[in-house]
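Please read the points below alongside the model.

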Amino acid sequence: MSKRSFCYFDNNATTPVAAEVLEAMLPCYTEHWGNPSSAYRFGREAARRLEDARGRMAAFINAEPRELVFTSCGTESNNTAIQSALSTHPARHHVVTTAVEHSATLKYCRQLQQRGIEVTFLPVEEDGTLDLHRLERSIRPDTAVVSVMWANNETGVLFPVEEIAAICRSKSVSCHTDAVQVAGKLPMDVKGLGVDMLSLSAHKFHAPKGVGLLYVRSHSRFQPHIIGGQQERGRRGGTENVAGIVGMARAAELASAHLTEENTRVRALRDRMERGIFKAIPGAARNGAREPRLPNTANISFEGVDAEGMLMALDQAGICASGGSACTSGSVEPSHVLVAMGLRPERASGCVRFSLGRANTEAEVDCLLEVLPGIVKRLRESRPG
Ligand SMILES: *Cc1c(COP(=O)(O)O)cnc(C)c1O
């Protein structure tokens, strides 16, 4: 891979495709490009590669291969999970989720409200954590599904999904988790976790964009969202993205191999970056609980600075960071996650998310720590009034 001329601290938005992943994918385009649903040998070779990848993805999350449905992205997986729970429980018209979900869940639920579905958006505490008693009380006899993210993409704060799944089980309600930010950062074991459905997205762990996964526990009811052919055992129409899926499976193996590094070297880099920022810049503060949190994510507010100016100045210094989620950047609205955490609008508009990855080095963090205090000082001085 070519050497980068910039520092990339936005790994929660997307990650580069690993060289090994691209290498695993190429034969799916050049030689084995058959349709996995075709009956002749050439098609069956593609099907063999697809099923091999399914086995590896199943091993990655400790699921059975038949429990996996390949999708086009994390967004499709989340939409499908919630829609399926509603349509397989036709007498239930209520969904429980949180106010800090990714837009792939949040906006889908808002759209469901317009179709007459009742949705409870659970609030969070100031540190971004959930009150589980409140969650338990929000579950009603007509609740079809509880959909709660495992790790927040903006703050890195982790929700106790194992406990939430246990609450759902005790109330016989289906439990879905958006685990997109967890892949490659924490070990995943769906059996131990006890959820009914779980979403992943390949491009967040060094595989290509446009591939996702939905785990659906055996014997749970399921209704497809994308209707068409009998692919994915009738659970998702559309010819599978074989190359993308093969790439995702290779990326999953690499993610397992890098798990320790994420939790030692990358975590230490993130902590060093945070300490350096707090030491050098007055009026800088972390948003969200320090623990439990993803090892790579830091969300920091800089008093008296707006994120837009900050991100532009960082960009000019060759540093990629984000104002929260990639999907809201470019808009001036403060992040819904930080607003849900009760941040004053002045503080919420001065927040920057730095999300590290396995390619980041100490030298890059040093570079950030060198330029950041000057940028903040300059922006504060140039503020009107
Ligand atoms: C990126 C992301 C998604 C969306 O995944 P896509 O594959 O980009 O659709 C969903 N949830 C979370 C938490 C994410 O970070």
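The numbered points take the basis of the model, then the domains, then the cavities.

1. This is a predicted model, in which local features need pLDDT of at least 70 and side-chain atom pairs count only at pLDDT 80 or more, while totals for chains, interfaces and linings use all residues. Residues are numbered from 1 along each chain as its sequence is written, and side-chain values use heavy atoms, with hydrogens and water left out.

2. The chain is split into domain 1 (7-15 + 259-382) and domain 2 (19-257), with bounds that come from an automatic or database domain assignment. Their contact (heavy atoms within 4.5 Å) involves 28 residues from domain 1 and 34 residues from domain 2. The C-alpha centres of the two domains are 28 Å apart.

3. Domain 1 and domain 2 bury about 2,700 Å² between them, 54% of it from carbon and sulfur atoms. Buried area here is the accessible area (1.4 Å probe) that two parts lose on being put together, summed over both. Of the area that domain 1 buries against domain 2, Leu259, Leu294 and Arg358 supply 25%, more than any other three residues.

4. Across this interface the rule finds 0 salt bridges, a salt bridge being a side-chain nitrogen of Lys or Arg within 4 Å of a carboxyl oxygen of Asp or Glu. It does find 18 residue pairs in polar contact, both residues at pLDDT 80 or more. A polar contact is a pair of N or O atoms within 3.5 Å; within protein, one must be able to donate a hydrogen and the other to accept it, and residues adjacent in sequence count only if both atoms are side-chain atoms.

5. There are 3 cavities of 30 Å³ or more in the structure. A cavity is a set of points on a 1 Å grid over the protein atoms alone where a 1.4 Å probe fits but cannot get out, and lining residues have an atom within 4 Å of a point. Points are joined across faces, edges and corners, and a volume is the space filled by probe spheres set on them.

6. The largest cavity holds about 110 Å³. Its lining has 14 residues, with Ala183, Lys185, Lys204, His206 and Glu262 nearest the centre. Domain 1 and domain 2 each give at least three residues to this lining.

7. The second largest cavity has about 50 Å³. His206 and Arg358 are among its lining residues, as are Arg4, Tyr8 and Asn11.

How values were computed
1 Å grid on protein atoms, 1.4 Å probe; cavity = no way out; pocket = protein on both sides within 12 Å on 5 of 7 lines; lining within 4 Å.
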